[in-house]
Each structure stands twice: as structure tokens, then as C-alpha cells.
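Notebook open, structure loaded. I want to look up a few spots and write down what I find.

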Amino acid sequence: MKKSLLIFAVSMLICLPVLAALKVGDMAPDFSARGSLAGKEFDFSLQAALKKGPVVVYFFPSAYTKGCDLEAHTFSQEKEKFDAAGATIIGVSADSITRLNRFSADPDFCAGKFPVASDADKKIAASYNLATTAVKPGMADVKGDTIDHDFIERQTFVIGKDHKIVAAFSSKDDGISPDQHVAKSLEIVQQLKSK
């Protein structure tokens with residue numbers, strides 16, 4: 001009897017749906033967050049940004065880590081092309097706003113060209129069904145500072161003015177590099193502009 005119950009319990013767990021990031025066609029959850037642009041704090045609102053055009057919301061594990069640095073630098077290099085397509089860029093991580101103030105102003109990364117927002121409590125990531133991973137105690141970034149927050153999985157969403165997700169891709173599921181997130185999202189917002 002106990003063995004039957006155990007087998008039943010295990011089979012039920014196997015049948016539970018796996019948490020998966022939102023997909024194309026889903027409505028993007030609205031969010032507001034404390035953001036930083038060129039080292040200056042402000043309140044970012046997805047709803048307000050969507051009034052201007054599509055928004056690229058990219059989640060990244062942590063400022064001052066190799067892949068995230070490449071992604072931020074590439075977004076900053078391509079910012080004028082996103083502007084020409086009428087698109088807003090917002091990076092989101094579990095970094096503190098203090099850490100993001102430095103990252104957003106750093107000429108080697110965001111270069112003051114686009115904002116990044118703090119999701120320290122990971123509520124925004126949870127609303128997009130994104131996984132988080134605990135960092136190893138004492139893990140340091142490229143500057144030697146200890147990383148004191150969980151990593152949010154690298155995932156990019158292109159959201160249309162109607163709040164619907166037009167594109168969604170991740171490094172984990174799609175096997176694309178951080179800089180390819182930029183190239184793919186730019187291609188999509190340019191296609192939206194031409195329609």
C-alpha cells in the first residue's frame with residue numbers, strides 16, 4: 001500500500017507542468033521598477049514605455065559578469081538603431097540599484113545609453129515565469145566585488161504596443177549568445193517598424 005502511494009505521488013510530480021517563461025502571443029505583465037540611466041535613478045514603467053512603441057525587456061544574471069557585460073555593451077553600441085525603430089530597451093536584473101547606477105554609467109557597458117532596472121525581490125522575473133539560481137557564496141564579479149544576489153536567467157522579450165509578446169528567446173533554451181540577443185531583438189523591432 002505504501003509503495004503504491006509513493007508511486008502515485010512520484011507520477012503526479014512528473015505530470016506537473018514545468019515553469020516556463022512566457023511565450024510569443026502571451027500578454028506581458030506590466031511592471032514598474034527603480035531604474036538607472038547614466039547613473040541617475042528614476043522610476044521605469046513598462047506601461048508608459050509601451051505608449052511610445054515596442055519595448056525590449058531583457059533579463060540578465062548580474063552586472064559585471066562576462067556575458068552580461070557583452071550584452072550591455074552590444075545594446076549600447078546598437079542603441080541608435082533601436083531608437084530609429086521606435087523601440088525602448090530596458091535591462092532587468094536582481095542587482096541592487098546602487099550597483100546598477102555604476103553599471104548604467106560605465107562607458108564599457110551601458111555607457112549611459114539605455115536604462116537598467118533592479119528586480120532585487122525577483123517579483124518581475126517571477127511574473128514572466130523566469131527561473132532564478134542562487135550564486136555560490138563568495139562569488140565575485142569581474143571587478144572583484146562579491147555578488148550578493150541570485151541570478152535571473154538570461155531571457156529577452158520583445159513586447160508590442162498592444163502588450164503582447166512578439167518574440168521571446170533565451171540562452172538556455174535557444175542556445176544563443178548574449179550579443180545574439182541584441183541582434184535578434186534589433187531585427188524584430190526593425191521588422192515591426194517596417195509593417
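Predicted model: local features only at pLDDT ≥ 70, side-chain atom pairs only at ≥ 80, totals over all residues.

I got a relative accessible area of 5% for Ala28, and the cut-off for buried is under 20%, so Ala28 counts as buried. I placed Ala28 in the loop that runs between α1 (2-15) and β1 (32-37).

Next I checked what Ala28 touches, skipping its neighbours within four places in sequence. The contacts I noted are Tyr128, Ile159, His163 and Ile165. I also took a C-alpha distance from Ala28 to Tyr58, which sits 30 residues apart from it along the chain, and got 13 Å.

Then Arg99. Is Arg99 buried or exposed? With 6% relative accessibility, I put Arg99 down as buried. Arg99 belongs to helix α4 (residues 97-105). Setting aside neighbours within four places in sequence, I found Arg99 in contact with Ser62, Ala63, Tyr64, Asp141, Asp145, Ile147 and His149.

Last stop was helix α7, residues 178-194. I did a length check: 17 residues at 1.5 Å a residue should span 24 Å, and the end C-alpha atoms are 25 Å apart, which agrees.

Which residues of α7 are buried? I listed Pro178, His181, Val182, Ser185, Leu186, Ile188 and Val189. Looking down the axis of α7, I saw these buried residues fall within an arc of 165 degrees, so they line one face of the helix. I then asked what covers the buried residues of α7. The cover includes strands β3 (55-59), β8 (155-159) and β9 (165-170), along with helices α3 (66-84) and α6 (171-174).

Conventions:
Residues numbered from 1 in each chain as written. Heavy atoms only, no water. Helix = DSSP H or I, 4+ residues; strand = E, 2+ residues; numbered from the N terminus. Expected span 1.5 Å × (residues − 1). Buried < 20%, exposed > 50% of the residue type's maximum accessible area, 1.4 Å probe, protein only. Arc of directions from axis to C-beta. Contact = heavy atoms within 4.5 Å.
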